[in-house]
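Okay, thanks for coming, everyone. Let me put the model up and then talk you through it.

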Amino acid sequence: MGNLIDIKQLSSSGISRQDVAKMLQDRNPTYSLPQPFYNDPLLFQIDMEEIYCKEWLFVGLTCELPAKGNFITVDIGSNPIIVVRNQHNEIQAFHNVCRHRGSKVCLQPKGKVAKLVCPYHQWTYELDGQLIFAGTEMGDDFCKSNFSLKPVHVKTAGGYVFISLAENPPEIEPFLKDLAHYLEPYDLDNAKVAVESNIVEKANWKLVLENNRECYHCNGSHPELLNSLLEWDDTTDPRASNEFKAHVARKQADWDAEKIPHQHVSHGLRNRIVRMPLMEGTVSMTMNGKQGCKKLMGRIKSPDLGSMRILHLPNSWNHAMGDHLIAFIVTPLSPQETLVTTKWLVHKDAVEGVDYDVENLRKVWDATNAQDRKLAEDNQSGINSMAYEPGPYSKTYEFGVINFVDWYSESMLNHLSTQNSE
């Protein structure tokens, strides 16, 4: 094992940031990570502080905040956050923590309010976070302007909402510019969430992402998904056949005619966007491959747009089709628990029971999510064993997993080194 850290020793003595950096520096880049990265409570806390509290996170959609006073709440580890459309029609984000005694201000996952009122002692904030009422009990010398809600960085693009809890978040503007361009045909400001699911997978968040980043397991696990999805997401995939490449070329000509963006764009290993056709004769991720919603999204005229796949690390993957869009959000809950949220979006004027049937719309990904949960949980159970040691990824079938683990390792090392230099 050379000079690698003794994992058994770490389990009894506790893991430091220096230990994490050393394990990442010593790792074999084509192998899975050492066991503590998947199940250790201290390392999970470091993950939350150095990845989830410092990277940009996809948290929702502008159509979920259609009017002034609409809000959603999210929890990033122990940090509750409010995302709200303020009185100036701008989307802002704040720590969901009252400046009086620290109570949560918004207790519901979503809603609409005239003001943000803490339920504990009724301290009242304007929608832009300014404290406007604290009662006369605070005394004549109390200055409300010193006690605004603490802001969180927020950016929007193409209907997607991102936040970062970092003091100085990483660069994201080039990706957001591309995202806005690729999502323009969908007009997500004028979409709606038709249905949402939330499942808890008893597995580390990185295992959830690793499972998503490969389709090595698809043939044996996802019959519903493979009714429409083609495994490859790029013509440069070494396994891609000439028949697949010809299929892509035909569809790309159709998309060009409709001015639908489709070329592969990447921003490092963190972000990528690519549109790939679905299986010949299918136009949507439904059980029969037919439209899940009769009313197409935005300015789209043809349902046959394949699937535009959007990856945003560390917490989201997405599939955008002509008739609906599916957005996934990964939220770590504990070392071995991860919340996976799935949102199915349709045109805001689509009528349930007329234009779409919710059960039909969600059936493929409900099945796929349940199958992936079982795979991730079984993976976690094996990793917890004393017999586990890092194993090799296939450079052909699991290159996406290698890319994710490389991104995670590089990001973690970068954040740790930045912290040490401060």
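Predicted model: local features only at pLDDT ≥ 70, side-chain atom pairs only at ≥ 80, totals over all residues.

Residues are numbered from 1 along each chain as its sequence is written, and side-chain values use heavy atoms, with hydrogens and water left out.

Domains, then. We have domain 1 (56-164) and domain 2 (187-384), with bounds that come from an automatic or database domain assignment. Their centres, taken over C-alpha atoms, sit 31 Å apart. Across the interface, 15 residues of domain 1 touch 20 residues of domain 2, where contact means heavy atoms within 4.5 Å. The two domains bury about 1200 Å² between them, and 59% of that is on carbon and sulfur atoms. Buried area here is the accessible area, with a 1.4 Å probe, that two parts lose on being put together, summed over both. On the domain 1 side, Phe-58, Cys-63 and Tyr-160 supply 45% of the area buried against domain 2, more than any other three residues.

There are also two salt bridges between the domains; the criterion is a side-chain nitrogen of Lys or Arg within 4 Å of a carboxyl oxygen of Asp or Glu. Lys-110 pairs with Glu-196 in a salt bridge, closest N and O at 3.7 Å.

The whole structure has 17 salt bridges. One of them joins Asp-47 and Lys-206, at 2.5 Å from N to O. Asp-47 is in helix α4 (residues 41-52) and Lys-206 in helix α6, so this pair ties together parts 159 residues apart in sequence. Helices (H or I, at least four residues) and strands (E, at least two) are DSSP runs, numbered from the N terminus.

The lining includes Glu-201, Trp-317 and Asp-372, and α6 (205-212) and α9 (358-383) each supply at least two lining residues.

Last, the backbone. Leu-313 to Pro-314 is a cis peptide bond, omega near 15°, and Pro-314 lies in the loop between β14 (307-312) and β15 (316-320). Asp-187, not a glycine, has a positive phi of about 45°, in the loop between α5 (173-183) and β11 (191-201).

Conventions: 1 Å grid on protein atoms, 1.4 Å probe; cavity = no way out; pocket = protein on both sides within 12 Å on 5 of 7 lines; lining within 4 Å.
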